[in-house]
Amino acid sequence: MASKLARLLADSRRALFTMLGVLAVIWLVQLVNWTDDYGLSREWGLRSQRLDELPDMFTMPLLHGSWEHIEANSWPLFAFGFLAAYRGMKKFLWVSLVIVLTGGLTIWLFERPEAVTVGASGMVYGYFGYVVLRGLLDRNPLDAVVGVVIAAVYAYVLLGVLPGDPGISWLGHLGGLIGGLAGAWLLRNRTPRPAAAPRPAAATAPTASGPRAALHKELDDLGL
């Protein structure tokens, strides 16, 4: 029990520093982007249906279109990202990759060709979906409670996966959410249940042998 708690605390510290580092990078990129009149967004944002633009799905989450945009994404990105990472960095990195791919491909396939999409909101929706579903699939009581609470408190964010404001990429939100749910399924705990202990064989009566056994058999045959 003590070792499990120590490991959880260590993973939580790594998750905290990781998300602080992610936010620091995003805000530094935003500062450079702002001083360049958002030239980075135009250059490295994602445009749909062009093969040469596909790699930009990896740079898109680091870019934002305004200070209001990055402020709106920062808190939920930190909170949901921390909850996604505190169970271990390996799964966190894998689910982050899945979210980037599903969110980026959804935008690339279905967004208007003239649109340039930037922002970390797809990651926010992905981590949200991952945190909500992970505990149920892993049958982990703590993670399941966390997921239920997050789902209940932040259920309104699901409105963001519906078409609405043309300036908001609902496709990125939807693709990210799909990636988070898929990541929870792909990375679920597959540890098999321990096999039941075999039941002891039923005791058998010892078989008599020798002259006395032969005598008893003859008496039985005679009905005595």
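Residues are numbered from 1 along each chain as its sequence is written. Because the model is predicted, local features need pLDDT of at least 70 and side-chain atom pairs count only at pLDDT 80 or more, while totals for chains, interfaces and linings use all residues; side-chain values use heavy atoms, with hydrogens and water left out.

The protein contains eight helices and zero strands, where helices (H or I, at least four residues) and strands (E, at least two) are DSSP runs numbered from the N terminus. Along the sequence, the pattern is therefore written α-α-α-α-α-α-α-α. Of the 224 residues, 39% count as buried; buried means under 20% relative accessible area, exposed means over 50%, and partly exposed lies in between (1.4 Å probe, protein chains only). The protein exposes about 13800 Å², of which carbon and sulfur atoms supply 69%; accessible areas come from the Shrake-Rupley method with a 1.4 Å probe, and for residues only the protein chains shown count as cover. Among the contacts with a separation of 6 or more, 79% join residues 24 or more positions apart, a contact being heavy atoms within 4.5 Å.

Helix packing comes next. Two packed helices are described by the angle between their axes and the distance between the axes. Here the axes are lines fitted to C-alpha atoms, for helices over the stretch in contact, and angles run from 0 to 180 degrees between N-to-C directions. Angles under 35 degrees count as roughly parallel, over 145 as roughly antiparallel, 65 to 115 as roughly perpendicular, and the rest as oblique.

The axes of helix 4 (residues 89–110) and helix 5 (residues 121–138) come within 10 Å and cross at roughly 130°, so the two helices are oblique to each other. Helix 4 passes helix 5 in a right-handed crossing; a crossing is right-handed if the near helix is turned clockwise from the far one by less than a right angle, and left-handed if anticlockwise. On the side of helix 4, the contact is made by Lys91, Phe92, Val95, Ser96, Ile99 and Val100, and on the side of helix 5 by Gly122, Met123, Gly126, Tyr127, Tyr130 and Asp138.

Helix 5 also packs against helix 7 (residues 170–186), with axes that come within 7 Å and cross at roughly 30°. These two helices are therefore roughly parallel to each other, and their crossing is right-handed. The residues of helix 5 that meet helix 7 include Gly122, Gly126, Gly129, Leu133, Arg134 and Leu137. Among their counterparts in helix 7 are Gly172, Gly176, Gly180, Gly183 and Trp185.

The structure holds nine salt bridges, each defined as a side-chain nitrogen of Lys or Arg within 4 Å of a carboxyl oxygen of Asp or Glu. The side chains of Arg134 and Asp143 form one of them, at 3.7 Å from N to O. Arg134 is buried, at 3% relative accessible area, and Asp143 is likewise buried, at 2%. Elsewhere, salt bridges that share partners join Arg47, Arg50, Asp52 and Glu53 into one network. Within this group, the side chains of Glu53 and Arg50 meet at 3.6 Å, N to O; Glu53 is buried at 6% relative accessible area, whereas Arg50 is partly exposed at 38%. A further salt bridge links Glu111 and Arg112 at 3.5 Å, N to O. Glu111 counts as buried at 11% relative accessibility, and Arg112 as partly exposed at 39%.

Gln49 is located in the loop between helix 2 (39–44) and helix 3 (67–85). Although Gln49 is not a glycine, it has a positive phi of about 65°, and at 47% relative accessibility it counts as partly exposed. Arg139, in the loop between helix 5 and helix 6 (141–153), also has a positive phi, of about 55°, without being a glycine. Arg139 is exposed, with a relative accessible area of 61%. Glu114 is placed in the loop between helix 4 and helix 5 and counts as exposed at 58% relative accessibility. The C-alpha atoms of Glu114 and Arg47 are separated by 7.1 Å, although the two residues are 67 residues apart along the chain. Arg47 also belongs to the salt-bridge network with Arg50, Asp52 and Glu53.
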